[in-house]
Amino acid sequence: MRRWMIGPVFASFFALLAGCQSEPPAEAPDGRPNVVVVVLDAARADHFGMYGYDRDTTPHLDRFASQATVFEDATSEAAFTFGSVASFMLGMPPAQSGFLNPRPIRGTGPTLAERARSSGYRTFAYSENGFVSPAFGFQAGFEHFVEGQPAAHRGAKGKDFEHADSLRAIDDALTWMGQDSKRPFFAYVHLLRPHNPYTPSEPYLGRFGPVFDSVSGSTEELLKIDAGELGLTPQEQAAWIARYDENLAEADAQFGRLWQGLQDKGLAENTVVVFFSDHGEAFGEHGRWLHNSTVFDEMIRIPMVIRHPWRPEGRRARGAVQLVDLHATLIELMNAGTAPLAGRSFLGALVGEELQAKRPATSWTVPAIGQLGVRSPEWKAIGSVVGRGESVQVYDLTSDPEELSPRSSEMDRDQAMLRVLDEQRRLSRNRSLLAQPAEAIDPAVLEQLQRLGYLR
């Protein structure tokens, strides 16, 4: 069997495993693990059993998490898909990359997929979100890129989004993964659920509450609720949340199908499986629904779980991590070059080490709103990108986890966070982050994004 040279960084990782676990399987292609990344779109962290939710929304992921590392304080770089996935693929936050306003990602260096492919990995992507598509340059580095909603099949103008055939796509992805045992693979699977519309299939509809005719689950009605144009009774609000939870339960089953398929094909024993969400979802907290519009935790705190096959024990990791850090971790794991300096690898956390202290996490809304948040596990500062210190709100997340009572900025710790916020503002102005020129995008893609509630 052909063997590749393993660099010193990757070799040091194996040294961490020595004495704790048996050597990696002899059949491992070129000595490096496969990597599968699974994204559930708009999956709010506190609606998962592993994060304390009381509904059984995520039984498959909860069982998976019992053999993996669960990150307690993961946040997204953006409260919407383009900004967050661009940060993950490029390894740079929006203020550094310049990619906050949606446009094709290019000109800042290789993507994660390009790095993986250049280092010998086979690469595959499947995406059901129009932002994560060739129209925006996300096909770069992927030998095979499959769109869940290709332009020719996106439905009539004005019609709500029709969910893709996720289960068939997962089966196709599994077939691809098993085709070549001589090279490791990197696969990215982006499923749309539980993202709006909240239209779960049978048998999920009605699982968590009664079905009301007034609660359609449609994006059109959700946008009216978010805009304050459609009022809800307490029973209707609970029903909308139940429909979301049922959508999440269906997405969890889709993940379960993929995870079971990896086990059935004998791939799980040499595959690192990464799960995260690109952003959260709001249900009326702070006056907003859906996502995009705030950097409160309901929109930017995300689930993140990683299972390494050579250390399959459950553990919890506490400390601020973001998608740029996940990018750096996977670069190190795949021995795929040098990651951008914006992220910090947390590979050691997968073998039980403490997360190293890092600077606070930063998160953005869509450019039209221009809100920026700076978060540590204990504190958060929120301000306008174009404003100054007087517009900043600071929250003590330990005593006020729901972010209801902003406090003064007199403490030294608050001042440190404000300095980070001002630095991000400066970077965003230098990058003209909120005023990027428009580029020609496939009208069919724009139509899909409009039907999903974007570009309003």
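Two strands are taken to pair if DSSP finds at least two bridges between them. In this predicted model, strand β13, residues 379-384, meets that condition with β14, to which four bridges join it in an antiparallel run. Within this pair, A381 stands opposite V394 of β14.

**The four-stranded sheet**

Strands β13 and β14 belong to an open sheet of four strands in the order β11-β12-β13-β14, with antiparallel pairing. The edges are formed by β11 (361-364) and β14 (393-396); each has a single partner strand, so one side of each is left without a neighbour in the sheet. On average, and with direction ignored, neighbouring strands of this sheet are turned by 20° against each other.

**The chain as a whole**

The protein chain contains twelve helices and 14 strands. It has 456 residues, of which 60% count as buried. The chain exposes about 17,700 Å², and carbon and sulfur atoms supply 50% of that area. Among contacts between residues at least 6 apart in sequence, 72% join residues at least 24 apart.

| Helix pair | Crossing angle | Axis separation |
|---|---|---|
| α6 (residues 166-177) and α8 (residues 234-264) | about 20° | 10 Å |
| α3 (residues 81-90) and α10 (residues 323-334) | roughly 25° | within 7 Å |

Angles under 35 degrees count as roughly parallel. Helices α6 and α8 are therefore roughly parallel to each other, and α6 passes α8 in a right-handed crossing. On the α6 side, the residues in contact are S166, L167, I170, D171, L174 and M177, which meet Q254, R257, L258, G261 and L262 in α8.

By the angle between their axes, α3 and α10 are therefore also roughly parallel to each other. Their crossing is right-handed. Helix α3 contributes S84, S87, F88, M89 and L90 to the contact, while α10 contributes L323, V324, L326, H327 and L330.

How many of the ten residues of α3 are buried? Ten of the ten are, so the helix is largely enclosed by the rest of the structure. The buried residues include T81, F82, G83, V85 and A86, as well as S84, S87, F88, M89 and L90.

The buried residues of α3 pack against both helices and strands: the helical partners are α4 (94-97), α5 (112-118) and α10, and the strand partners are β1 (34-41), β5 (185-194) and β6 (271-276). Directly after α3 comes G91, whose phi is positive, near 75°.

**A buried proline in a loop**

P309 is found in the loop between β9 (304-307) and β10 (315-321).

Leaving aside residues up to four places away in sequence, P309 touches A268, E269, N270, T271 and V272.

Notes. Residues are numbered from 1 along each chain as its sequence is written. This is a predicted model: local features need pLDDT of at least 70, side-chain atom pairs count only at pLDDT 80 or more; totals for chains, interfaces and linings use all residues. Side-chain values use heavy atoms; hydrogens and water are left out. Helices (H or I, at least four residues) and strands (E, at least two) are DSSP runs, numbered from the N terminus. Axes are lines fitted to C-alpha atoms, for helices over the stretch in contact, and angles run from 0 to 180 degrees between N-to-C directions. Buried means under 20% relative accessible area, exposed over 50%, partly exposed in between (1.4 Å probe, protein chains only). Contact means heavy atoms within 4.5 Å. Accessible areas come from the Shrake-Rupley method with a 1.4 Å probe; for residues, only the protein chains shown count as cover. Angles under 35 degrees count as roughly parallel, over 145 as roughly antiparallel, 65 to 115 as roughly perpendicular and the rest as oblique. A crossing is left-handed if the near helix is turned anticlockwise from the far one by less than a right angle, and right-handed if clockwise.
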